[in-house]
Amino acid sequence: MDLTEADRLVKYARQHAGSELSMWGKTLVVAPHQDDESLGCGGIIYLLTQLKMPVHVVFVSDGSMSHPNSAKFPSQTLVVLREHEAVKALAILGVDQENITFLRLKDSRLPDGGAPDFDAAVRVLAPVLSGFEPATILCPWQRDPHKDHRATWQIVDQAIAKHTDTVRRFEYFVWLWERAKPGDLPDVDEGLIWKVNIEKAKELKKKAISAHISQTTSLIDDDPEGFTLSDEVLAHFDTDFEIIFERI
């Protein structure tokens with residue numbers, strides 16, 4: 001995605017003061033992987049918790065495929081590590097461990113609407129919805145370039161259709177800034193683009209991102225094909241605002 005398109009998305013976003021988040025009520029944050037919550041909406045999470053809004057975070061995938069060839073951190077060890085990192089990151093943002101759910105579906109294989117195990121994934125998410133009863137759901141953008149993010153949106157969308165019709169819906173962006181094609185961008189008639197002021201949360205968001213050490217450092221150094229967030233990618237999230245989409 002070139003700078004012109006990124007700038008256009010930010011330029012035409014409507015201003016959303018952090019204090020307005022008090023209107024969100026109980027908020028369920030859905031993240032495909034352990035780090036998406038900090039990257040895409042870590043500032044919003046912190047502002048919500050400071051406003052004493054109940055926040056529950058659910059991670060859909062187990063995060064096991066970020067370093068698939070590591071001998072030092074085989075799959076199950078990596079799953080435990082990434083969950084520990086997520087708990088630490090969310091503690092920085094004000095979310096207690098009891099308000100975190102790990103669904104542990106297979107990383108890089110989250111089913112979309114055409115997959116035979118899609119309905120099973122929806123059923124796994126359903127108890128979180130019914131148990132928490134959110135007024136607001138914050139999940140990845142529908143056409144985020146990462147396939148797990150798109151699948152997560154579809155799982156959330158179907159779960160909402162089956163279990164609630166009163167929830168307010170927002171979507172955050174992660175890979176749109178790096179990988180998006182023009183067709184991945186929100187259309188003007190799809191909903192509202194908001195620019196949320198997170199200046200008060202900026203430094204804690206950065207600390208939360210850094211808590212995901214397996215994704216931001218060379219901790220896992222024995223997998224040449226392993227994934228690490230580059231400085232260029234991280235720069236997209238070092239801002240005084242977060243951009244979110246509201247589906248209406």
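This is a short talk on how one protein chain packs together in a predicted model.

Let's start inside. Nonpolar side chains in soluble globular proteins tend to be buried together. So what does the largest nonpolar core look like here? It has 52 residues. Ile44, Leu138, Phe173 and Ile244 have the most contacts inside it. Helix α2, residues 36-50, gives the largest share of this core, with seven residues. There is also a second, separate core, this one of 23 residues. Val58, Phe118, Leu129 and Val167 are among its members.

Pick out Leu138 on your screen. Which residues does Leu138 touch, once those up to four places away in sequence are left out? Among them are Trp24, Leu28, Val29 and Val30. Cys41 and Ile44 are on the list too.

Next, the aromatic rings. How many aromatic pairs does a search of the whole structure find? Six. Take Trp141 and Phe173. Their rings sit 5.7 Å apart, centre to centre, with 55 degrees between the planes, and the pair is tilted. Trp141 is in the loop between β5 and α5, while Phe173 is in the loop between β6 and α6. That puts the two partners 32 residues apart, and the pair links distant parts of the chain. Both Trp141 and Phe173 are buried.

Trp141 has another partner, Phe245. Why is this pair called edge-to-face? Because the planes of Trp141 and Phe245 stand at 65 degrees, and over 60 counts as edge-to-face. The ring centres of this pair are 4.9 Å apart. Phe245 belongs to strand β8, residues 241-247, and Trp141 to the loop between β5 and α5, so the pair ties together parts 104 residues apart in sequence. Is Trp141 buried or exposed? Buried, because its relative accessible area is 0% and the cut-off is under 20%. Phe245 is buried as well, also with a relative accessible area of 0%. Step back and you get a cluster: ring pairs link Trp141, Phe173, Trp177 and Phe245.

Now two helices. Helix α4 covers residues 118-132, and helix α5 covers residues 147-163. They pack at an angle of about 60 degrees, and their axes are 9 Å apart. The crossing is right-handed. Which residues of α4 meet α5? Phe118, Ala121, Val122, Leu125, Ala126 and Leu129. From the α5 side come residues including Gln154, Ile155, Val156, Ala159 and Ile160. Over the whole contact, ten residues are nonpolar, three are polar and one is charged.

On to strand β2, residues 27-31, where we find Thr27. Thr27 counts as buried, because its relative accessibility is 0%. Its contacts, leaving aside neighbours within four places in sequence, are Leu48, Pro54, Val55, His56, Phe132 and Thr136.

Last stop: the backbone. Arg104 is not a glycine, yet its phi is positive, at about 60 degrees. Look for Arg104 in strand β4, residues 100-105. Arg104 is partly exposed, with a relative accessible area of 49%. Where is Ser108? In the loop between β4 and α4. Ser108 also has a positive phi, near 70 degrees, and is a residue other than glycine. Its relative accessibility is 29%, so Ser108 counts as partly exposed.

To recap, keep two pictures in mind. One is the core of 52 residues. The other is the ring cluster of Trp141, Phe173, Trp177 and Phe245.

Key: Residues are numbered from 1 along each chain as its sequence is written. This is a predicted model: local features need pLDDT of at least 70, side-chain atom pairs count only at pLDDT 80 or more; totals for chains, interfaces and linings use all residues. Side-chain values use heavy atoms; hydrogens and water are left out. Axes are lines fitted to C-alpha atoms, for helices over the stretch in contact, and angles run from 0 to 180 degrees between N-to-C directions. Helices (H or I, at least four residues) and strands (E, at least two) are DSSP runs, numbered from the N terminus. A crossing is left-handed if the near helix is turned anticlockwise from the far one by less than a right angle, and right-handed if clockwise. Contact means heavy atoms within 4.5 Å. Ala, Val, Leu, Ile, Met, Phe, Trp, Tyr, Cys and Pro count as nonpolar, Asp, Glu, Lys and Arg as charged, and the others, Gly among them, as polar. A nonpolar core is a set of buried Ala, Val, Leu, Ile, Met, Phe, Trp, Tyr and Cys residues joined through side-chain atoms within 4.5 Å. Buried means under 20% relative accessible area, exposed over 50%, partly exposed in between (1.4 Å probe, protein chains only). Rings of Phe, Tyr and Trp (its six-membered ring) pair if their centres lie within 6.5 Å; planes under 30 degrees apart count as stacked, over 60 as edge-to-face and the rest as tilted.
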